[in-house]
Structure formats: structure tokens, C-alpha cells
Amino acid sequence: MSSSVPVYKLQSFPRHEPNALFYMTRLEKLVQEFKGIDKPHSHTFYLVMWLIQGSGTHTIDFKTYSIAPNQLYFLTPGQVHSWKLSDDAEGFNLFFEANFFRSRFSHRLFQYPFFHSHQHQPLLDVEGSPDLFRDLFRYAWQEYDGRQPNHPEVFLSYLHLILETASRLYTEQRMTTDPNLYGRLRQYEELLEHQFLTVREVSQYAKQMSLTPNYLNAICKKVLGKTASQLLHERQIIEAQRLLTHTAKSVKEIGFQLGFEDPSYFVRFFRKHTRQTPAEFRMMS
């Protein structure tokens, strides 16, 4: 039977400052000190992980990525991840609460392409400019570890520099779309993230965005090659997979939590999108 996945708060980690809204540690030290941190878990905060060296795999919401030097990983609160790292792995983990970043940059978090998106990879290879990120993380670590006066303000500046620099590189590597259309897609993804359990019609999302359903659909197809309904269904499937893997709830209970009053319809919906029944998926996970 599946067991609940741990949900970690900043206060869960060694040497966390009381009431601090951010935390930073060496990756190799975290692995050594926090037993089980490599097992599936989620967070209440944002995470940026910088790999200096090492190999292995990193699984995020059922997608597995090969670990290599000079990689950045980005996780949004609620995402489930686990990893298998080689013994020589080194890097940094930087955690922060939404309110810490929003205190100065109120709306920027939802504009970064690597956060709050199940359509874009939470991974950035920086092989072409590793020195820049190595320096940024080193300065951020020195600021965090030094605990000088006003260090939260300075640390936030370094965090902002890291995210903005990563966003530019991510955009250069992956984005070829009209920024206005991409902005609309991100707006739709944000609405999905908050409402997919209760709002089940694309037309209702389009109305909130002051768009017609057909135009919202055209945006999704232009940017991602998928329909607006596909994005909604994929978000529902990810949640179903999380619940099947990391809770002991019955298939009927999970379907009901996702808004399916008819258990048999939930089974058909899940099988249509994964080619497995919920029970088969649970046995394999």
C-alpha cells in the first residue's frame, strides 16, 4: 500500500534560522545530514538546485532527468521529486518562500518559464556559461553563511540575479514564441494550477482571461502544439499519479477528489491518457 509522501517546510532543515523565509546549503552536506532526502518528497517552498559535478538521475513528477555537471533544477511548491546522486556529487540547494521573493518582486515568480509549468522542463543546462552561475551561487552562499547586517536583503538580490540570468538563458535556448502569446499561456497555466480541481471547463478559464475558448485553444496549439483541454487533462493526470503513488487513498476516493463522481468514468479517463488503469499504475509505481 502506498504511503504519504513527506512534505518538508524550511524549518525541517538543519541550522535553519528561526522565522527566516530562505535557506541555502551545500548539496553534498544536505545529502549527508538529512537522511531520506533522496526519497520522494515535496516542499512548501521554491527550490533552485545547482549541480557543480556528479551524475545520476533526478525524478520530478514522474519524469526522470539525467544529472550532469552545470545543471540547474527548479521546483515549484507541491512538486514531488527524488534523486539518485553519485558519491562525488557537489552543488548547492537554495530554498525560498514565495513571500520572500514577492516582498520586492510581487508578480515575477509566475513569469519565470521554469516555475509553475508542467509543460516546460524544470531543468536548464548552463554548459556554455558555468562560470557565471558558479560565481553567483558562490556569492549567494557567502552572503547566506556570513550572516552580515541586512543579509536577507542582499541575499534576495543574489536570488533575483540567479533567477533572471537563468530566465534569459532558458528563453534563449527554448523560446521562439511571441512573448504576448507566451504570457497568455502562462496566465492559463497559473489559473489551472489554482483551479483544476474545481473548474473543469476550458470555456470557464477563457472567460476569466477575457478570451474566447477558440482563441485560448489557438494560443495553446501555437505555443505547445497541444489543445487547452490537453493541458487541463494533463494537470489532472499528474495529480492523480501523485495521489496513487504517494497516498493510500482508494481509486474511488482519488477520483472523487479530482471531481469525478463516477469511479468508472475516472478509470476510463485515466486509462485513455496513460494506457493504464489507476490500479495498474499504482502496482507499477
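1. Axes here are lines fitted to C-alpha atoms, for helices over the stretch in contact, and angles run from 0 to 180 degrees between N-to-C directions. Helices are DSSP runs (H or I, at least four residues), numbered from the N terminus. The model is predicted: local features need pLDDT of at least 70, side-chain atom pairs count only at pLDDT 80 or more, and totals for chains, interfaces and linings use all residues. Residues are numbered from 1 along each chain, and side-chain values use heavy atoms, without hydrogens and water.

2. Helix α8 (residues 228-246) packs on helix α10 (residues 263-274) at about 105 degrees, axes 11 Å apart. That makes the pair roughly perpendicular (65 to 115 degrees).

3. The contact (heavy atoms within 4.5 Å) takes His233, Gln236, Ile237, Ala240, Gln241 and Leu244 from α8. From α10 come Phe266, Phe269, Phe270, His273 and Thr274.

4. Phe266, Phe269, Phe270 and Thr274 of α10 are buried (under 20% relative accessible area, 1.4 Å probe, protein chains only). Down the α10 axis, these buried residues fall within an arc of 105 degrees, so they line one face of the helix. The arc is taken from directions between the helix axis and the C-beta atoms. Their cover includes α8, α9 (251-257) and α11 (278-284).

5. After α10 comes arginine 275. Its phi is positive, near 65 degrees.

Technical notes. Helix = DSSP H or I, 4+ residues; strand = E, 2+ residues; numbered from the N terminus. Parallel < 35°, antiparallel > 145°, perpendicular 65-115°, else oblique. Buried < 20%, exposed > 50% of the residue type's maximum accessible area, 1.4 Å probe, protein only.
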